[in-house]
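Please look over the chain shown here before reading on.

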Amino acid sequence: MNFLRHRLAGNPFFRLVATVAAALALSFASLAPLLAASAAAPATEQAAPATFASEDYAGEDVMIPMRDGVRLHAQIWRPAPSDAELPIIMMRSPYGFSKERIADALQQGGSYGYLAADGYIFVFQDIRGRFSSEGEYVTLRPRKSTAGGIDESTDTYDSIDWLVRNLPENNGKAAVMGVSYGGWTAAMATIDPHPALKAVSSQASPEDMFIGDDFAHNGAFRLDYAWSWVTALESDGKTMKPFQFGSEDGYDWYLRQSDLATLDEQHLGRKVPSWQNFVEHKDYDDYWKRSRPSHMMPAKVAVPNLIVAGWYDQEDFYGPLEIYKNQEKGDEDGLNYLVVGPWNHGGWRGEGASYGPFELGSATGTYFRSEVELPWFQYWLKGEGTLDQPEALVFETGSNQWQRLASWPIREKAVSRNLYLRSGGKLSFEPPQAGEAPAATFVSDPANPVPYRERSDIKPFMTKGSTWSTWLADDQSSFASRNDVLFWESDPLPADVTISGDVAAKLFASTTGNDADWVVKLLDVYPADEQTPAELRGRQRMIANDVFRGRYYKSYENPEPLEPGAVLGYDIDLHYASHVFKKGHRIAVQVQSSWFPLINRNPQTWVPNILQAKAADYKVQTHSIYHTPDNASAISVTVAESAN
């Protein structure tokens, strides 16, 4: 067998060296660091690995046979020498694995350093059709359709079966973990679990790519993300190759693209499978539904799952919380656990002491890895210690406190209240009264869409220097002054207001066109006084947000044109929040109809397929948001009396 050996300085015990930490920490979307990792480890290198001299670790490249004869490539790393029988932790990804980056990640203080120091056999596997693995790659491969078929669940089962039978000195216990796409493969491992699979940790897994995760939110297409991700994975065979935009101005580049349906043919010279799937499956059909993990996972939870989410996850915040919610329905034995921290996508694999300009009061990522993740695997894979894990471990922003909760959302000492959009830009817990101005109106011009952040900050998210991973920390105050953004604000709060749980918008709106997007943001407005840190004075901090494509107001499966001038009700899920609006702060709401190029432009006329819209289809329209007693637009929040 071919062994790789490498000493990692500073490890007090032993360290395992394995594949790309950046791919696993920021897997499925935050791909800028990942791409560098993949470039450092092309498929040809993985097939003929270099040999490193060290007495501490041994690594081996293997090809693991699947039930259909296809072989999947994996790197196996274990302490060397070691006489102990150790459990297996497996991670499965489409992004490739760089030995250099994982070497850094598994050092003391690295993103997997605590696990490495504790001693496990690490297995890093290229999923089917990627890098050195054989077979055909299918994005988010759906559940097998026949008894003899294959999917990510069967590939995981066959891999674990081979590993426990063939790896010397393993203790017969295995776990699967991963972030984003790796979190999705971890969830899929529970569908038909191998008997040796004792635990999983599904971290930042997508659940529904049409409703709330990477490619679309409530039917609104996530343009920059989708194009950048698809071209990186599918434009260069089995490896990774980021698209070359030729410009750092993402707003301008996307605005100049007049025919999104043929973007792949225009810029790559051929059709790209996933991009064409987006064009063909314009509405919520089986293409989107078939890859939802929680709809394939067993109704009764059988494998312990530590589900991890980040409040500021710019890609997959919806997924892990939806998986947790759906799995709770069948968690008879108390095996379904949730952690929600103050992190962006995969941010718990770093220090986590701050997010953008917001200090978090402690190294929250280090805490998670040492005090939550490590004891989790020690308990389930080694039988060590006790599991002191609450049902839900939730970080409360604003107060910067961890909450140990018996349920999520909290069920006690909480009440749902409406924050009403009132005339004159006032936001209040009191409903509108008769005689107030009935509506706030704005003009939406598709030729001048509202940017999702300051123009100077909009670089395609895989472009060098992009700050995509922290855009949710951006100050939203400049957008409140635009004529095409509506703004409501409360009076300064006389006391703290704590929200903990569901957040949703109920908009009553009309348009002069046949379609419209509705973007809603719930904001914490900081005081502008000298007691507030300079970088936070007057800052509008985003607490919850999302977009809804108007044509789906009745059904995601069967869109309808909007009737011009008709006042319609839109229910917009803003998901969850756990946040303290401090005394003296204000609560605010912004509503707009574009968020570019995060979301593709809505032509605001009726076209059956927006990705096929032509330049002439894009029209200026006037939108109105109503706040009358009968059509009282509001944001519903769960107000908690106590966070504990």
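The points below go from the whole chain to single residues.

This is a predicted model. The chain holds 14 helices and 26 strands. Of its 644 residues, 63% are buried.

**Whole chain**

- The accessible surface comes to about 22,500 Å². Carbon and sulfur atoms account for 48% of that surface.
- Take the contacts between residues at least 6 apart in sequence: 77% of them join residues at least 24 apart.

**Largest pocket**

- The largest pocket has a volume of about 430 Å³.
- Its lining consists of 26 residues. Nearest the centre lie Tyr137, Val138, Thr139, Glu234 and Ser274.
- α11 gives the most, with four residues.
- By class, the lining has twelve nonpolar, seven polar and seven charged residues.

**Helices α8 and α11**

- The axes of α8 and α11 come within 8 Å and cross at roughly 145°.
- On the α8 side, the contact uses Leu223, Ala226, Trp227, Val230 and Glu234. On the α11 side, it uses Pro273, Ser274, Trp275 and Phe278.
- Seven of these contact residues are nonpolar, one is polar and one is charged.
- Glu234 and Ser274 belong to this helix contact, and both are among the residues nearest the centre of the largest pocket.
- In α11, the residues Ser274, Trp275, Gln276, Phe278 and Val279 are buried.
- The buried residues of α11 pack against β9 (220-221), α8, α10 (263-268) and α12.

**Cis peptide bonds**

- Most peptide bonds are trans.
- Trp408 and Pro409 are joined by a cis bond, with omega about -5°. Pro409 sits in the loop between β15 (401-405) and β16 (414-421).
- The bond from Phe596 to Pro597 is also cis, with omega near -5°. Pro597 is in the loop between β24 (586-592) and β25 (621-626).

- Most residues other than glycine have a negative phi.
- Asn218 has a positive phi of about 50°. This residue lies in the loop between β8 (216-217) and β9. Asn218 is buried, with a relative accessible area of 5%.
- Gln604 has a positive phi near 70°. Its place is the loop between β24 and β25. Gln604 counts as buried because its relative accessible area is 2%, under the 20% cut-off.

How values were computed. Residues numbered from 1 in each chain as written. Predicted model: local features only at pLDDT ≥ 70, side-chain atom pairs only at ≥ 80, totals over all residues. Heavy atoms only, no water. 1 Å grid on protein atoms, 1.4 Å probe; cavity = no way out; pocket = protein on both sides within 12 Å on 5 of 7 lines; lining within 4 Å. Points joined across faces, edges and corners; volume = space filled by probe spheres on them. Helix = DSSP H or I, 4+ residues; strand = E, 2+ residues; numbered from the N terminus. Nonpolar A, V, L, I, M, F, W, Y, C, P; charged D, E, K, R; others polar. Axes fitted to C-alpha atoms, helices over the stretch in contact; angles between N-to-C directions. Contact = heavy atoms within 4.5 Å. Buried < 20%, exposed > 50% of the residue type's maximum accessible area, 1.4 Å probe, protein only. Areas by Shrake-Rupley, 256 points an atom, 1.4 Å probe, with all protein chains shown as cover.
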